[in-house]
Amino acid sequence: MTDILEFKLISFAICPFVQRSRILLNTKEIPYEIDYIDLENKPEWFLKRVPTGKVPALFMGDETLFESAVINEFLDEVTPGSILPDTPLARAKDRAWISLSDGLIMSQFRMMIAPDIDSSKKELAALAKGLLQFADIASARATATDMTLLDAAITPVFMRLYVVPDILAALEAQLSDAPQILAWAKRLMALEAVKTSVSPAFSDEFIAYFANRGSLIAKAMLEGKELAFEDA
């Protein structure tokens, strides 16, 4: 089917949901184009085709798909070498955990957008609590050698931790009873399919985006200041 369809992924530079689909495309070596748009000034051609007005969207000629989980399952189904689990129950369980990982992305966003240290600490604690729910899964995935749709779904959270060393260090302390979580992150971050799922300027773009929105963490990064999260 990939011989017939030409895939174009519509993106915003730092979007974690887009990154999920890029990881899947890279992992399965599916040729695709990527088209970046400004989410604050969405083009009419995009709004006409994408009812949610959100990215990612996958264009295939006149056909359109939206929502990263839907896009990823579709791409997996229409290309060789499925990375979905073999049984209906296992697939359903992965879908449930993928849905739960959406909450991690939102906790991380709220942490990054927070304008003061107290709000940042509150959201960091919420992110740590959310990550701890994945402790049992991380025990298996930290030493695995394959990529799953769940791996692809949670990797954007891990990558954004690596952009802010103070946050990563704080989480290492808060997750000390479940070191397998960040071991899982380290394994995924080493994969070429992950490294190439964002632009070379990703870290700078990520920090600039939040600094322009009053983020305490991003401003501290730009000013070279350390942030103390020890008592978070």
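Strand 3 and strand 4 (residues 63-66) run antiparallel, and four bridges join them. This is a predicted model. One of the bridge pairs is F59 with T64, the latter in strand 4. The two strands form a hairpin with two residues between them. In that hairpin G61 takes a positive phi near 65°.

Now look at the side chains of strand 3. In a regular strand, side chains alternate between the two faces of the sheet. Strand 3 covers residues 57-60. A57 and F59 point one way from the strand. L58 and M60 point the other way. All four are buried.

P56 sits in the loop between helix 2 (44-49) and strand 3. The peptide bond that leads from V55 into P56 is cis. Its omega is near 5°.

Step forward instead, past strand 4. E67 lies in the loop between strand 4 and helix 3. This residue is not a glycine, but its phi is positive, near 80°. Is E67 buried, partly exposed or exposed? Its relative accessibility is 40%, so E67 counts as partly exposed.

The loop between helix 1 (16-27) and strand 2 (32-36) holds E29. Phi of E29 is positive, about 55°, although E29 is not a glycine. E29 counts as exposed because its relative accessibility is 70%, and exposed means over 50%.

Helix 3 (residues 68-77) contains another glutamate, E73. Why does E73 count as buried? Its relative accessibility is 16%, and the cut-off for buried is under 20%. Which residues does E73 touch, leaving aside neighbours within four places in sequence? E73 is in contact with L84, R95 and L149.

Now take the whole chain. Its secondary structure comes to twelve helices and four strands. The chain has 232 residues, and 50% of them are buried. Contacts also reach across the sequence. Of the contacts with a separation of 6 or more, 70% are between residues 24 or more positions apart.

What of the overall dimensions? The C-alpha trace spans about 55 × 40 × 25 Å along its principal axes. The radius of gyration is 18 Å. A compact globule with 232 residues would have a value near 17 Å, so the chain agrees with that expectation.

Finally, consider the surface and the charges. The accessible surface of the chain comes to about 11600 Å². Carbon and sulfur atoms account for 54% of that surface. The chain carries 23 positive and 33 negative side chains. The centres of the two sets lie 3 Å apart.

How values were computed: Residues are numbered from 1 along each chain as its sequence is written. Side-chain values use heavy atoms; hydrogens and water are left out. Buried means under 20% relative accessible area, exposed over 50%, partly exposed in between (1.4 Å probe, protein chains only). Two strands pair if DSSP finds at least two bridges between them. The radius of gyration is taken over C-alpha atoms; the globule rule is 2.2 Å times the number of residues to the power 0.38. Contact means heavy atoms within 4.5 Å. Accessible areas come from the Shrake-Rupley method with a 1.4 Å probe; for residues, only the protein chains shown count as cover. Lys and Arg count as positive and Asp and Glu as negative; His and the chain ends are not counted. The place of a charge is taken as NZ of Lys, CZ of Arg, CG of Asp or CD of Glu.
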